[in-house]
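User: I'm new to reading protein models. Could you walk me through this one, a feature at a time?

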Amino acid sequence: MKSWKRLMAMMLTGILCAGCVVGCGSSESAAEPVAGSASASGSKQPIITVMTNSMGGETQHMLQAGAILQGQELGYTINILAPNNSGNKQKVINNLAAAQTYSDAIVFMSNHNSVEPNIDYLKDIVPALSDARSAGIPIVMMYYDVNDDTRCDTFVGTNNYRLGRELGNTIAQNQPGAVVGLLQADTGSKTHKIREQGITESLRKRGCTVLEDEAVANWNWDTAVTVATSLLENHPEMTTIVCTSDSLAQAVAQAVQVAARTEVSEESGETLPDSEYETVVAEPVQIYAVGPCAGGLSAVANGTIKAEVAEQPVQIGRDSIVLADQLIRGQTVKKVNRTPYVLVTQDNAQSMLDRINADLLAAGIGG
């Protein structure tokens, strides 16, 4: 039955462009692994296809690296396909259909667009995933939380609510009675809403104040600077800014530094040249974030960001392959699996960054 359905999927899909990357890297096509690979040459080495929603994002690179390294250790050919974003739903459907014809399991990076209700992406992609499952292909969803586990056999990712609470607890411990402004990366992502909930509840429970201002950066550096500047101007009592993504925390740091320079200039009654700012600036507002991206970890290492609670995308990628392996072997797995997060401070930020870079290098990803 499985072979028959694979043949039908291949006929329906047609001939897709060759060029998938086997073992490392990324590709937008869903062609079967090229001749000369372990599977095409007739060996019994099984294939796990990993579909992520971006070719170039840092998080996606880390997920891919973890999958590749774990696949090598377990003896799998890892086939990376990207992107699978909502901007090209038909390509996702085609990729899933083609992947059924040669994959022993599929690891699919769910994204925030795929978990919001009543949208076309969800309506179109879920049947494609269901078709893969009907063909006997184990499906592992990873990274972003999923609402409907009927589309997959198992899910692996971070518990973002607990991550948020951990960050809130850290702030309250470091700054008792803190007055906190929360800068959101966006308002549409379920993941970021959950983080915000955990952060806010933890801070308030421990006697801190969370400002009610809506501060949304929409993943834009200049917007993050503008929004953070507004928070600083409107709330001189604010002691802390929290970013739900560390990719924007450095933009917030820029706003904080400029605000501190302006304050010093006004107090002294003179305008200081740019070259002298760094000798007089004292940053009164602490910055915390959720990570990890390379820039965020570097900012924690140099003290620009006080601390962040970091997901572990490399480990999530590894865990997804372990789960796929267990499913291929017919073992029972939990529906929801959580990869631990890490509190990153100046003491361990550089070592974590070095470890991520080493994993990317070992997997052959990035420059």
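Analyst: Let's start with a term for surface exposure: buried means under 20% relative accessible area, exposed means over 50%, and partly exposed is in between (1.4 Å probe, protein chains only). Arg204, for example, is partly exposed, with a relative accessible area of 41%. Before we go on, this is a predicted model, where local features need pLDDT of at least 70, side-chain atom pairs count only at pLDDT 80 or more, and totals for chains, interfaces and linings use all residues. Residues are numbered from 1 along each chain as its sequence is written, and side-chain values use heavy atoms, with hydrogens and water left out.

User: What percentage of the chain's residues count as buried, and how many helices and strands are there?

Analyst: Of the 367 residues, 51% count as buried. Helices (H or I, at least four residues) and strands (E, at least two) are DSSP runs, numbered from the N terminus. The chain has twelve helices and 14 strands.

User: Okay, salt bridges next. How many does the structure hold?

Analyst: Here's the general idea: side chains of opposite charge can pair when their charged atoms come close. The cut-off for a salt bridge is a side-chain nitrogen of Lys or Arg within 4 Å of a carboxyl oxygen of Asp or Glu. The structure holds five of them. In one, Arg204 meets Glu212 at 3.1 Å, N to O. Glu212 is exposed, with a relative accessible area of 67%.

User: Which parts does the salt bridge between Glu73 and Arg318 tie together?

Analyst: The closest N and O atoms of Glu73 and Arg318 are 3.1 Å apart. Glu73 sits in helix α2 (residues 58–74) and Arg318 in helix α11 (residues 313–328), so the pair ties together parts 245 residues apart in sequence. Glu73 is exposed at 55% relative accessible area, while Arg318 is buried at 16%.

User: And are Arg195 and Glu311 buried or exposed?

Analyst: Both Arg195 and Glu311 are buried. They form a salt bridge too, with their closest N and O atoms 2.8 Å apart. Arg195 is in helix α6 (residues 190–205) and Glu311 in the loop between β12 (307–310) and α11, 116 residues apart.

User: How do I read contacts, then? What does Val314 touch?

Analyst: Contact means heavy atoms within 4.5 Å. Val314, in helix α11, is buried, with a relative accessible area of 9%. Leaving aside neighbours within four places in sequence, Val314 is in contact with Met62, Gly66 and Asp359. The C-alpha atoms of Val314 and Ala65 are separated by 6.2 Å, though these residues are 249 apart along the chain. Across the chain, 75% of contacts between residues at least 6 apart in sequence join residues at least 24 apart.

User: What about nonpolar cores? Which members of the largest one touch the most others?

Analyst: A nonpolar core is a set of buried Ala, Val, Leu, Ile, Met, Phe, Trp, Tyr and Cys residues joined through side-chain atoms within 4.5 Å. The largest has 64 residues, and Ile48, Val50, Ile78, Met142, Leu183 and Ile241 touch the most other members. Apart from that core lies another, of 19 residues, including Leu81, Leu96, Ile106 and Ile137.

User: Last one: which residues are buried in helix α3?

Analyst: In α3 (residues 89–99), they are Val92, Asn95, Leu96, Ala98 and Ala99. They cover an arc of only 165 degrees around the axis, going by the directions from the helix axis to the C-beta atoms, which puts them on the same side of α3.
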